[in-house]
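Here is my note on the model below. Please read it with the structure open; the ligand site comes first.

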Amino acid sequence: MNHDPLHPHSHESNPHPPSQDTSIVWSGAGVRTELTVDELRRLPSTSLMDCYIVSTGHGTSGPFTFSGPPIRAVVESQLGEIACSGWHLEVISADEFGTRIDAEEIMKQNIARPVILALSLNNRSLTRSEGLVRLIVPSETDDALRQVKWVARISFIGTEFVT
Ligand SMILES: Nc1nc2c(c(=O)[nH]1)N[C@H]1C(S)=C(S)[C@@H](COP(=O)(O)O)O[C@H]1N2
Ligand SMILES: [Mo]
């Protein structure tokens, strides 16, 4: 069976940054652009208090306060207003670890704890070894398989994004 990086079954967490390259490439709807940390910092930011990183092998760490733009704000910064279903994102790190997020999960209205692209940890910037830009999926508390460090690619997949 092929290994699917979006559905790791169990996983030994990579403790080290996989490369020196910190760029993040957005692709979708025929457009490929680089997202810079500065650009992400200018988007509206949400703080998620009491986050835990639950590791299969090494126990739980936290609580942490992660802050950064909701992933919805990132998508809308690239595509404008979008439909609430019919598409998904793949968020993949430089070490080919990643997760898929459905439109429904991204577009929920007034959600108290949205999925964010964290830039900060406890009110200071994330270091490169902590992930630099890290996906935080607050609903995932099993094994941290969706808490993607070193985000390198965000791909929008779907055609029905026009409202
Ligand atoms: N890019 C990337 N992100 C990752 C992983 C990884 O190997 N690569 N491992 C995941 C797993 S299984 C765990 S337990 C946590 C560990 O996070 P920590 O290093 O902050 O403790 O990162 C998650 N995010
Ligand atoms: Mo884990």
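1. Ligand site, backbone contacts. A nitrogen atom of ligand 1 sits 2.8 Å from a backbone N or O atom of glutamine 147. Asparagine 14 places a polar backbone atom 2.8 Å from an oxygen atom of ligand 1. Both are polar contacts (pairs of N or O atoms within 3.5 Å; within protein, one must be able to donate a hydrogen and the other to accept it, and residues adjacent in sequence count only if both atoms are side-chain atoms).

2. Basis of the values. This is a predicted model: local features need pLDDT of at least 70, side-chain atom pairs count only at pLDDT 80 or more, and totals for chains, interfaces and linings use all residues. Residues are numbered from 1 along each chain as its sequence is written, chains are lettered from A and ligands numbered from 1 in the order written, and side-chain values use heavy atoms, without hydrogens and water.

3. Ligand site, side chain and cover. Arginine 134 brings a polar side-chain atom to 2.8 Å from an oxygen atom of ligand 1. On its own, ligand 1 has 530 Å² of accessible area, and the protein covers 87% of that (Shrake-Rupley method, 1.4 Å probe). There are 16 residues around ligand 1 (a heavy atom within 4 Å). Among those that come nearest are His11, Asp95 and Lys149.

4. Main core. The largest nonpolar core has 29 residues (buried Ala, Val, Leu, Ile, Met, Phe, Trp, Tyr and Cys joined through side-chain atoms within 4.5 Å). Buried means under 20% relative accessible area, exposed over 50%, partly exposed in between (1.4 Å probe, protein chains only). H2 gives the most to this core, with 4 residues. Helices (H or I, at least four residues) and strands (E, at least two) are DSSP runs, numbered from the N terminus.

5. Leucine 40. Leu40 is one of the residues with the most contacts inside the core. Beyond four places in sequence, leucine 40 is in contact with residues including Ile24, Pro69, Val74 and Val133 (heavy atoms within 4.5 Å).

6. Helix H2. Its buried residues are Ile71, Ala73, Val74, Val75 and Leu79. Glycine 80 follows H2, with a positive phi near 75°.

7. Open sheet. Four strands run in the order E3-E4-E8-E9, with antiparallel pairing (at least two DSSP bridges between two strands). E3 and E9 are the edges; each has a single partner strand, so one side of each lacks a neighbour in the sheet. Phenylalanine 66 has leucine 121 in E8 as its bridge partner.

8. Serine 139. This residue lies in the loop between E10 and E11. Serine 139 counts as exposed because its relative accessibility is 58%.
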